[in-house]
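Subject: Handing over the structure

Hi there,

Here is the structure I promised to pass on to you. Have a look at it first, and then read on for what turned up.

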Amino acid sequence: MKFETLAIHKGNLITDKNKPVVQPITLSTTFEHGNEAGALYTRASNPNRSALEEVIAALEKGKEAAAFSSGNAAGTAVYQALEPGSHIIAPDDMYHGLHNSMTMLFKGIHEVTFVDMSNLEAVKAAIKPNTRLFWVESPSNPLLKITDIRAISALAKAQKALLACDNTFATPVFQNPLLLGADIVMHSSTKYFGGHSDILGGALVTKETDDFWAKIRTVQRVGGAVPSPADCYWLTRSIRTLAYRMKGHAEHAMILAEFLSNHPKVEEVFYPGLKSHRGHEIAAGQMSGFGGIVSFTVKGGAAEADDVVSKLHLFANATSLGGVESLIERRAAVEGPDTLTPPNLLRVSVGLEHTDDLLEDLDQALS
């Protein structure tokens, strides 16, 4: 089945004897012993979570998926499954929540080196004898850097290390890292999978159901950071429209990126769909679309960037991304004092409003 068909049918797990067209929500926390599905306790398994995991695994071309209560919980599960003393190579530009997880929760347990993952020589130079995980985020957050996943995969295999890829920005609509050599894919399903800024969740997908995946499953089931049955139901429902929403997000993002590239008040635009983007060729070789996030720097500093945000009407000044509504924020203001993000950078989650209205709003705010 093609992507759109899988998204609609693969996660529709019907357990009700009345055969409803849409799966029911199974709220029970416990199940009678000896049931056909082998269900015991909802922290370990639940029909709605099984349905969600099945459709995400299918869309990412993986063997299995594991759903978590947040994207941070999903990423953290990978670090938990590593042997203590492991060395991780991670992007210098990445989601600050997972950056904090590496540096705060696992300080003294693992060693982390942050490098520009778009610079292959820098990645090679960072490899150590105990390197066990290469963490990739492509496109990155918020500078939209592009990493050559195939090239990093070759380095990981030579090191006998794992390659995990945060695919939140691209989604499986536009990129399948497992087909490019990754071993594990991560998603913050809060973002485009949910698509309406009202569900918190995360997911991991594996290429192989090996010993490392068994450790991740143990973290999921014993640690218990799992989504509720209702959240799983709504995520599965939202995924049904993922392909069509992403096409709209990407189309709108390209229009806004081109507009901003020609605006006299804009210093630089970061969007891999632009031919001027330094990672454009690699992105075009591993992505079928360029996503719905555009970052740009305003001429001036933080004050000028904040001024632009304050004058917008249709773009909510809010964290997160992936909803149908457009959001904007000055990322350095929320990432903390150790951020490498330029103080005048604005990250835009381009929504599905009419682009004429979005362009008019941006133009008046910038002008």
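A word before the first finding: UniProt positions are given here in the numbering used for this structure, and such annotations may be inferred rather than shown by experiment. Please also keep in mind that this is a predicted model.

An unreviewed UniProt entry carries the annotation "modified residue: N6-(pyridoxal phosphate)lysine", and it covers Lys191. You will find Lys191 in the loop between β6 (184–187) and β7 (202–206). Is Lys191 buried or exposed? Its relative accessibility is 14%, and because buried means under 20%, Lys191 counts as buried. As for what surrounds Lys191, setting aside the neighbours within four places in sequence, its contacts are Thr168, Ser320, Leu321 and Gly322.

Next come the salt bridges. In general, side chains of opposite charge can pair when their charged atoms come close. The count in this model comes to 17 salt bridges, and three of them are worth a visit.

One joins the side chains of Arg217 and Glu53, at 3.4 Å from N to O. Arg217 belongs to helix α8 (residues 211–223) and Glu53 to helix α2 (residues 47–59), so this pair ties together parts that are 164 residues apart in sequence. Arg217 is buried, at 11% relative accessibility, and Glu53 is buried too, at 11%. Both residues also take part in a network of salt bridges that links Arg49, Glu53, Glu64 and Arg217.

The last one to look up is formed by the side chains of Arg331 and Glu329, which meet at 2.4 Å, N to O. Arg331 is buried, with a relative accessible area of 1%, and Glu329 counts as buried at 3%.

Best wishes

Conventions:
Residues numbered from 1 in each chain as written. Predicted model: local features only at pLDDT ≥ 70, side-chain atom pairs only at ≥ 80, totals over all residues. Heavy atoms only, no water. Helix = DSSP H or I, 4+ residues; strand = E, 2+ residues; numbered from the N terminus. Buried < 20%, exposed > 50% of the residue type's maximum accessible area, 1.4 Å probe, protein only. Contact = heavy atoms within 4.5 Å. Salt bridge = Lys/Arg side-chain N within 4 Å of Asp/Glu carboxyl O.
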